[in-house]
Amino acid sequence: MSNRREFLKKSAMSTTFLGSAVVFESCAKADKATQEPAENTGDKPLVISTWNNIKANDAAWSVLSQDGHALDAVEAGVKIPEADPADRSVGYGGRPDRDGRVTLDACIMNPEGDCGSVVFLENIKHPISVARKVMEDTPHVMLAGEGALKFALESGFKKENLLTEASEKEWKAWLKKAEYKPVINIENHDTIGMLALDKAGDLAGACTTSGAAYKMRGRVGDSPIIGAGLYVDNEVGGAAATGLGEKVIKVVGSYLVVELMRQGNTPTEACRLAIERIKSKNPDYRDFQVGFVAVNKNGEYGGYSLQKGFGFALHNEEGKKYVKADSLFS
Ligand code: SD4
């Protein structure tokens, strides 16, 4: 792999396509970066997810460890925080928009490169399963709002109130000032982006969130946007994002990470280079958080963030753990 990586890096450097100079300079920097030591295990199966989503990984692992499919693993995995009212950034119990409505975004990708997505979906506890149905049962990739809800109900999902007492109380307190501050509190994030590599060596990913708390009604973040919040290319690897979605969308973040891996970078290097790209495009780079996780086809994995405080949960044959990711700023 490392020879191939060197070869790919050199080819990327010598190519004259737009942006190659940036890749060259950034690669040199990335080589000096501290690597998460367990990156190069090459194990499969494995599952990696943003933040401390150990329980979600457990659910995914129970599929993977029985030789299950990566797609079933990521769906089962992210359904855990979707149903957990204590998780305030995903599904049931998620913080509402400024009008007090919980609106959900989710997407999923399979090893064939098929994808499904729902945006601005209300009253359905498991948007990830609706996204999967969009992928499998419709000729479309993305359904939004009312149409997504109609499709979910027709597909047998149940309408539920997702606003918990705790979230409603907080929202009412927020209304007193009603200031939308997209300053990311890194302790308060738990959008889940999950990637799984199954025993057969196939990759799938899922991402699900209630989005930025107190967002404008109708706001959609990066999480359900294929290429931004999630991207999987079964020949190369997968990536998922968390943090301030607008910044991730601007650089098509997860797709960027996968393309950087295609050029020969390790998952950690690729995440770091994407974070550097975000920094270079945003003068306010100290005021928000973005984190990426990535895995490649060989089972190497990693994560990296803009500000400190980001980490990821990992489960493979060696066991499960929470790994603190390196960050551009500490
Ligand atoms: C969004 N990326 O809607 C999501 C928010 C997030 O942890 O990641 N929260 O912008």
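**A helix pair and a ligand shell**

Reply: Start with helix H4 (residues 70-83) and helix H5 (residues 127-137), whose axes cross at roughly 150 degrees and come within 8 Å. (Helices are DSSP runs of H or I, at least four residues long, numbered from the N terminus; axes are lines fitted to C-alpha atoms over the stretch in contact, with angles from 0 to 180 degrees between N-to-C directions.) So H4 and H5 are roughly antiparallel to each other, a label for angles over 145 degrees. Keep in mind that this is a predicted model, where local features need pLDDT of at least 70, side-chain atom pairs need 80 or more, and totals for chains, interfaces and linings use all residues. Residues are numbered from 1 along each chain, and side-chain values use heavy atoms, leaving out hydrogens and water.

Now the ligand. Its surroundings (a heavy atom within 4 Å) include His189, Asp190, Arg219 and Ser223. The shell has one nonpolar, eight polar and three charged residues, with Gly counted as polar. As for polar contacts (N or O pairs within 3.5 Å), a ligand nitrogen is 2.6 Å from an N or O in the side chain of Thr191, and a ligand nitrogen is also 2.6 Å from one in the side chain of Asp222. Thr242 puts a polar side-chain atom 2.8 Å from a ligand oxygen. The protein covers 96% of the 290 Å² of accessible area the ligand has on its own (Shrake-Rupley, 1.4 Å probe).

Terms used. Polar contact = N/O pair within 3.5 Å; in protein donor to acceptor, adjacent residues only side chain to side chain. Helix = DSSP H or I, 4+ residues; strand = E, 2+ residues; numbered from the N terminus. Parallel < 35°, antiparallel > 145°, perpendicular 65-115°, else oblique.
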